[in-house]
Amino acid sequence: MRALFACLLIALPLTATAQNPICAPTGEIVAAAVEARKAGQGAEAAKTGITADLGAAKAAYAPAVPTLVDWVFELPEADLQKDVAGSWVTQCEAQPVLSQ
């Protein structure tokens, strides 16, 4: 029983710090939205362009594009000079990964 408890105590932090696989791809979407906004594109054009550029490997992230683009377009202009995508990924990775 003690051995099982010890194994659980060792394994728990490892599962809590596992990298969330959605963070990097959604961070790329955020970065693309920031660049689109800086380039003067509208939100709808950015959504269309980013979704089209996802490709087959990242097509599963298409439903996240509208929400992420809307969020980027709601940010104050001054925030676009910061590392918005990097901050997104950092915050995303700080969230616990839920196993299914």
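Before the first residue, a word on terms: when I say contact, I mean heavy atoms within 4.5 Å. What you have on screen is a predicted model, so please hear everything that follows as computed from that prediction.

Let me start towards the end of helix H2, which covers residues 23–38. Arg 37 sits in that helix. Is Arg 37 buried or exposed? The relative accessible area of Arg 37 is 15%, and the cut-off for buried is under 20%, so Arg 37 counts as buried. Which residues does Arg 37 touch, once those up to four places away in sequence are set aside? The list is Val 72, Phe 73, Glu 74, Leu 75, Pro 76, Glu 77 and Leu 80.

Lys 38 is also in H2. With a relative accessibility of 43%, Lys 38 is partly exposed. Leaving out neighbours within four places in sequence, Lys 38 has contacts with Leu 80 and Gln 81. Take Leu 80: in sequence, Lys 38 and Leu 80 are 42 residues apart, while their C-alpha atoms are 7.6 Å apart in space. Leu 80 is also on the contact list of Arg 37.

Next, helix H4, residues 65–74. Its buried residues are Val 65, Leu 68, Val 69 and Val 72. Looking down the axis of H4, these buried residues fall within an arc of 100°, so they line one face of the helix. Thr 67 and Glu 74 are exposed on the other side of H4. What covers the buried residues of H4? The cover includes H2, helix H3 (43–53) and helix H5 (84–93).

That brings me to H3. Buried in H3 are Ala 46, Lys 47 and Ile 50. Around the axis they cover an arc of only 100°, which places them on the same side of H3. The face turned away from that buried side carries Glu 44, Thr 48 and Ala 52, which are exposed. Among the elements that cover the buried residues of H3 are H2 and H4. Just after H3, Gly 55 has a positive phi of about 75°.

Now the H3 and H4 pair. The two helices pack at an angle of about 140°, and their axes are 10 Å apart. That angle makes H3 oblique to H4. The crossing of H3 and H4 is right-handed. On the H3 side, the residues that meet H4 are Ala 43, Ala 46, Lys 47, Ile 50 and Thr 51. On the H4 side, they are Val 65, Pro 66, Val 69, Asp 70 and Phe 73.

Last, the covalent link. How many disulfides does the structure hold? One. The disulfide joins Cys 23 to Cys 92, with the sulfurs 2.1 Å apart. Cys 23 is in helix H2 and Cys 92 is in helix H5, so the pair ties together parts that are 69 residues apart in sequence. The torsion about the S-S bond of Cys 23 and Cys 92 is about -80°, so the disulfide is left-handed. Cys 23 is buried, at 0% relative accessibility. Cys 92 is buried too, with a relative accessible area of 12%.

Terms used: Residues numbered from 1 in each chain as written. Predicted model: local features only at pLDDT ≥ 70, side-chain atom pairs only at ≥ 80, totals over all residues. Heavy atoms only, no water. Helix = DSSP H or I, 4+ residues; strand = E, 2+ residues; numbered from the N terminus. Buried < 20%, exposed > 50% of the residue type's maximum accessible area, 1.4 Å probe, protein only. Arc of directions from axis to C-beta. Disulfide = S-S within 2.5 Å. Axes fitted to C-alpha atoms, helices over the stretch in contact; angles between N-to-C directions. Parallel < 35°, antiparallel > 145°, perpendicular 65-115°, else oblique. Left-handed = near helix turned anticlockwise from the far one by under 90°.
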